[in-house]
Amino acid sequence: MISNIIGAVVVAVVGVGVAFVNYLLSKTVLVKNPQKYSAVTVLRQLIQVGFLVIVYFISKKTNYDPMYLLVGAVLGITVPMFIFTKKLLTLNETLRSKEKRKEEEVDG
């Protein structure tokens, strides 16, 4: 039981890393080419699902209960995304404000 919880915590920490990579990917595309942001969401989803599939198959080859590892992985991906989503929304608003100011300077 304790080893399953430790395994879930380890996988959750790796999940936080996956969430951070997805955040960096989204942030980069949002800054450099916002028109392609919708395509990045598909890539992010593939990364997340791939991580969950890897965790599942690793759990089958170890003594860990797959349910513990999958719950840890899902929490590791999901919980940090609340923070990262807020940061992306703030960044998006900042970029829109800058774009709007540039348009006003050109028009004014």
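Helices α1 and α2 are roughly antiparallel to each other, a label for angles over 145 degrees. The model is predicted: local features need pLDDT of at least 70, side-chain atom pairs count only at pLDDT 80 or more, and totals for chains, interfaces and linings use all residues. Residues are numbered from 1 along each chain as its sequence is written, and side-chain values use heavy atoms, without hydrogens and water.

**Packing of α1 and α2**

- The axes of α1 (residues 2-32) and α2 (residues 37-61) come within 10 Å and cross at roughly 165 degrees.
- Their crossing is right-handed.
- On the α1 side, the contact (heavy atoms within 4.5 Å) includes Val11, Val14, Gly15, Val18, Asn22, Leu25, Ser26, Val29 and Leu30.
- These meet Tyr37, Val40, Leu43, Arg44, Ile47, Gln48, Phe51 and Val55 in α2.
- By class, this contact has 12 nonpolar, 4 polar and 1 charged residues, with Gly counted as polar and Tyr as nonpolar.

**Largest pocket**

- The largest pocket holds about 170 Å³ of space; a pocket is an open set of points on a 1 Å grid, where a 1.4 Å probe fits, with protein on both sides within 12 Å along at least five of seven lines.
- Its lining (residues with an atom within 4 Å of a point) consists of Leu30, Val31, Pro34, Asn92, Leu95, Arg96 and Glu99.
- Two or more lining residues come from each of α1 and α3 (66-107).
- Helix α3 gives the largest share, 4 residues.
- The lining has 4 nonpolar, 1 polar and 2 charged residues.

Definitions and conventions. Axes fitted to C-alpha atoms, helices over the stretch in contact; angles between N-to-C directions. Parallel < 35°, antiparallel > 145°, perpendicular 65-115°, else oblique. Left-handed = near helix turned anticlockwise from the far one by under 90°. Points joined across faces, edges and corners; volume = space filled by probe spheres on them.
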